[in-house]
Amino acid sequence: MVQQVTEGVNIVVETFYQAVQSNPINGDYLFAYRVTIENLSTMPVQLLSRHWYIFDSNGSHREVEGEGVVGQQPIIEPGSSYQYVSACNLKSDMGKMYGTYNMENLYNKKKFTVQIPEFQLIAPFKDN
């Protein structure tokens, strides 16, 4: 689990290797990740968009950008949190991700960027 606070927004990420949906013989590895976004500020905020940087240990990398997360642009009230689960496929048994959320303070309409801390995607058998 990794965690980082930016401008009063706490991001916590947990990862899970998805063995049933993976096929190592074909170079398909699926990792799920659960993100908790906690609003530690005194103002309501809305998540507008995301930008991910995804690195595979085979040397490839890609970027993913889009509106919201899992089809939502959640409004997070002060002291509240929003949690979602998504997934990332890799062609090797190790990789990493990090990124940013573009958010808006709904009180003053100021847009700001929240850092998503780097987290590792490692198949459990790789740790042996």
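Is Met 94 buried, partly exposed or exposed? Met 94 is partly exposed, at a relative accessible area of 29%, where buried means under 20%, exposed over 50% and partly exposed in between (1.4 Å probe, protein chains only).

1. Basis. This is a predicted model, in which local features need pLDDT of at least 70, side-chain atom pairs count only at pLDDT 80 or more, and totals for chains, interfaces and linings use all residues. Residues are numbered from 1 along each chain as its sequence is written, and side-chain values use heavy atoms, with hydrogens and water left out.

2. Met 94. This residue lies in strand β8; strands (E, at least two residues) are DSSP runs, numbered from the N terminus. Between Met 94 and Glu 67 there are 27 residues in sequence and 27 Å in space, C-alpha to C-alpha.

3. Open sheet. The order β1-β2-β3-β7 describes an open sheet of 4 strands with antiparallel pairing. Its edge strands, β1 (2-6) and β7, each pair on one side only. From one strand to the next the twist averages 20 degrees, with axes as lines fitted to C-alpha atoms and angles running from 0 to 180 degrees between N-to-C directions.

4. Strand pairs. Two strands pair if DSSP finds at least two bridges between them. β1 and β2 share 5 bridges, and Gln 3 stands opposite Val 12 in β2. Their hairpin has 2 residues between the strands, and Glu 7 there takes a positive phi near 50 degrees. β2 is joined to β3 by 9 bridges, with Val 9 opposite Asn 39. For β3 and β7 the count is 10 bridges, and Glu 38 faces Ser 81 in β7.

5. Thr 36. Strand β3 contains Thr 36, which counts as buried because its relative accessibility is 18%. Its side chain makes a polar contact of 2.8 Å with that of Gln 83 (N or O atoms within 3.5 Å; within protein, one able to donate a hydrogen and the other to accept it, and residues adjacent in sequence counting only if both atoms are side-chain atoms). Beyond four places in sequence, Thr 36 has contacts (heavy atoms within 4.5 Å) that include Asn 10, Ile 11 and Tyr 82.

6. Nonpolar core. The largest such core (buried Ala, Val, Leu, Ile, Met, Phe, Trp, Tyr and Cys joined through side-chain atoms within 4.5 Å) has 28 residues. Among those with the most contacts inside it are Ile 11, Trp 52 and Tyr 84. Strands supplying at least two residues each include β4 (45-56) and β9 (111-122). Tyr 84 touches Tyr 33, Trp 52 and Tyr 101, among others, leaving out residues up to four places away in sequence.
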